[in-house]
Amino acid sequence: MLSYSFALVASVFALPALAGFQDFGIPASSSTVDIKAFNVANFTLNNLAAVLVSPVLPGRESITLPIHAYLIQHQPSNTTFMFDLGMRNDPQNLPPGFAGLFDNKNITFEPFKDITELLQEGGVSLDSIEMVFWSHAHFDHIGDMSKFPQSTKIVVNEKTNLTIFPDFAGSDLQASDLSGHNVETVDFEKAKLVISGMPAVDFFGDGSFYLLDTPGHLVGHMTGLARVTPTSFIVLGADAMHHAGELRPVGNFLNNFPCPSEILEEASKAISTDFFWSTKSAPGSFDLPSRAQPLFSVSDIAGSFYVDPVAATVSVDRIAVFDADPDFFVLFTHDASITGVLPYFPQSVSDWQKEGLKERSVWLFIDPENDAFAFSPA
Ligand SMILES: [Zn+2]
């Protein structure tokens, strides 16, 4: 009877579904890291949206995306490291297959300062960067390691193919990306923890920073899980997804983070009901609260930027469980929806929960004025 009454009350008042971090399999700890974000560059993928997401609406075939990188300070040891580096600013010097994407204008960008310039201008010496984590070995994440001192270590998933061009013709890597740097690998086969269904490695052994196995985009793709206070976390999803529409909405997410009424009203008119539907939608009036699954799915066409779209979808689903929880803030490298509100270096993102950043940002992607909006023909 008691449980029946509680269920009734819960349904009447739509109580948020809350889970503590321990319910995700994360051990308790008071050790933390601090995270500062950079948007290194914006690049436009011309006629390439369909290799990222589905559906792509008429006029939305090209997509402009930021490239984020993160400076992370391990508080207990005062160690500084990077999670991804963004893209080098001389892509003509990439291996030929990738340089060609720029020569052929498949990818275009405005000139920009690379992460080494941004760090040094901000007073962070490259000597102080002890490690660089590569979420995966794509050119827009590995920067130009030849500009870092040889003392900077590279940390990658054990499964990452480190064969350089031309020994592996499809490799983003060339000799200068690895030369002189120690490479440490993370072996998820030996992982002792499982967090939200993902094999997890407690990198420093103190609960401050975990690496999660998130395959699908590329073999060896991994996600960072950073404890920024004893009970709140930032998920560095890297390229596990490329658009907030691949994550949202899922059921718990809508309960915990209702869409602000002003965005909801505009979005209900702007989201095309010829392409998106939900049980309470009517033609020309999209009803978000009754939408049961994310608006976008992972691209599975030939040439998809996800080498294994099925595995990628599972990784997205696992990260979406964090996304739906009030103690986790999910960032991913190419999130175009968030660039107007995310605090950038030298500011820290670690106070996201106290500052209400998640509430202010998670529905921006369906605002017709937002850079990420792609839900109506253009
Ligand atoms: Zn990327």
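Residue numbers start at 1 along each chain as its sequence is written, and side-chain values rest on heavy atoms, with hydrogens and water left out. Since this is a prediction, local features need pLDDT of at least 70 and side-chain atom pairs count only at pLDDT 80 or more, while totals for chains, interfaces and linings use all residues.

**View 1. Aromatic rings in one cluster.** Phe253, Phe257, Phe276, Phe296, Trp363, Phe365, Phe373 and Phe375 make up one aromatic cluster. Over the whole structure, the search turns up 26 aromatic pairs (rings of Phe, Tyr and Trp, the last by its six-membered ring, with centres within 6.5 Å; planes under 30 degrees apart are stacked, over 60 edge-to-face, the rest tilted). Phe253 and Phe257 pair up tilted, 5.4 Å centre to centre with 35° between the planes. Phe253 counts as buried because its relative accessibility is 0%, and Phe257, at 4%, counts as buried too (buried is under 20% relative accessible area, exposed over 50%, partly exposed in between, using a 1.4 Å probe and protein chains only). Phe373 and Phe375 go edge-to-face, at 5.4 Å centre to centre and 80° between the planes; both are buried.

**View 2. An arginine over a ring.** Here Arg227 lies over the face of Phe21, 5.0 Å from the ring centre (the test wants NZ of Lys or CZ of Arg within 6 Å of the ring centre and within 35 degrees of the ring normal).

**View 3. Phe322 in the largest nonpolar core.** That core has 91 residues, and Phe322 is among those touching the most other members, along with Leu119, Trp134, Leu225, Trp363 and Ile366 (a core joins buried Ala, Val, Leu, Ile, Met, Phe, Trp, Tyr and Cys through side-chain atoms within 4.5 Å). Beyond its neighbours within four places in sequence, Phe322 has contacts that include Phe24, Ile195, Leu212, Val330 and Lys358 (heavy atoms within 4.5 Å).

**View 4. A second core.** Tyr70, Ile72, Phe188 and Leu342 are among the 29 residues of a second, separate core.
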